[in-house]
Amino acid sequence: MLKLIKNELLHSYRSFAMVFGVFLIACVIFPLLPLEVTLIGTIFTTLAMVGISVAVTVTILRNYHSSMFKKPGYLTLTLPVSTHEIVLSKIIAAIIWIIVSSIILFLGIFILFLIGAMKYNAFADISIMEFINTLIGTLDNFDFVNLASAQIYLLAQLITSVTGGFVLITMVQTKYTRNYKALIGALIFIAFVFISTITTDMISQIPSVALFVTSYSNQFALLWLGILGNLVLSVIFYAITIYVINNMIEIE
């Protein structure tokens with residue numbers, strides 16, 4: 001499994017490394033330029049964040065489609081490993097790349113504004129110790145339980161999004177969906193949205209879940225209800241993906 005994940009990451013490395021590198025370099029250079037250029041560069045950098053996010057998602061889905069259902073799929077599906085290991089490695093690699101890209105985008109914007117603030121003496125009226133004391137005071141009053149719950153919720157959503165994208169691509173690669181793949185894919189997506197809504201509603205009606213919601217603060221309870229719903233959907237999407245690959249797949 002680890003070897004499969006490593007191969008997946010190395011296979012995608014070239015697709016992302018240059019883009020991430022250019023983005024970080026731009027975030028360092030733009031604040032050092034004249035103010036007018038810096039403002040324009042900041043706008044382009046913000047737009048680049050959206051573009052990179054979309055590009056990472058599209059690349060992950062395209063790589064999955066290509067490695068599983070194009071000519072390379074003949075090699076992938078004949079590897080001496082189970083379908084579970086192949087799909088899990090692709091899911092884990094996709095999640096790692098999305099998390100890495102999010103960290104790099106955040107780091108780039110942080111660097112851009114930090115260099116800009118230092119250039120224009122934004123910290124001139126506050127000492128380093130005052131800044132540290134303010135930060136510590138903020139952390140003392142921070143709700144780390146809700147923060148951790150929110151991070152777990154985002155991770156659960158990410159897993160659902162990846163497994164949902166993979167199952168959607170997989171389900172239009174069968175002998176029953178040779179024609180009108182785009183239309184069939186759209187209908188399957190609508191069905192998934194409907195299923196997710198029904199699933200979340202059903203989970204919220206479970207007596208123990210309803211008690212949990214009423215026993216804790218609404219925000220905390222809703223976060224964990226969302227986590228549970230996303231995990232259930234991820235398992236469903238994963239199971240469907242494995243079943244279709246093992247029994248109904250048709251490589252182009």
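Colleague: Hi! Quick one to start: is Phe166 buried or exposed?
Modeller: Phe166 is buried, with a relative accessible area of 2%. Bear in mind that this is a predicted model.

Colleague: Thanks! And which aromatic ring does Phe166 pair with?
Modeller: With Tyr64. The two ring centres are 4.0 Å apart and the planes are at 5°. Planes under 30 degrees apart count as stacked, so this pair is stacked.

Colleague: What about Tyr64, buried or exposed?
Modeller: Tyr64 counts as buried, at 2% relative accessibility.

Colleague: How many aromatic pairs turn up in the whole structure?
Modeller: Two, from a search of the whole structure. One of them is Phe20 with Trp97, a tilted pair with 6.5 Å centre to centre and 40° between the planes. That pair also links distant parts of the chain: Phe20 is in helix H1 (residues 2-29) and Trp97 in helix H4 (residues 83-119), 77 residues apart. Both Phe20 and Trp97 are buried.

Colleague: Changing topic, where is Phe189?
Modeller: You'll find Phe189 in helix H7 (residues 181-205).

Colleague: Last one: how far is Phe189 from Val167, going by C-alpha atoms?
Modeller: Their C-alpha atoms are separated by 9.8 Å, and the two residues are 22 residues apart along the chain.

Note on methods
Residues numbered from 1 in each chain as written. Predicted model: local features only at pLDDT ≥ 70, side-chain atom pairs only at ≥ 80, totals over all residues. Heavy atoms only, no water. Phe/Tyr/Trp six-rings, centres within 6.5 Å; stacked < 30°, edge-to-face > 60°. Helix = DSSP H or I, 4+ residues; strand = E, 2+ residues; numbered from the N terminus. Buried < 20%, exposed > 50% of the residue type's maximum accessible area, 1.4 Å probe, protein only.
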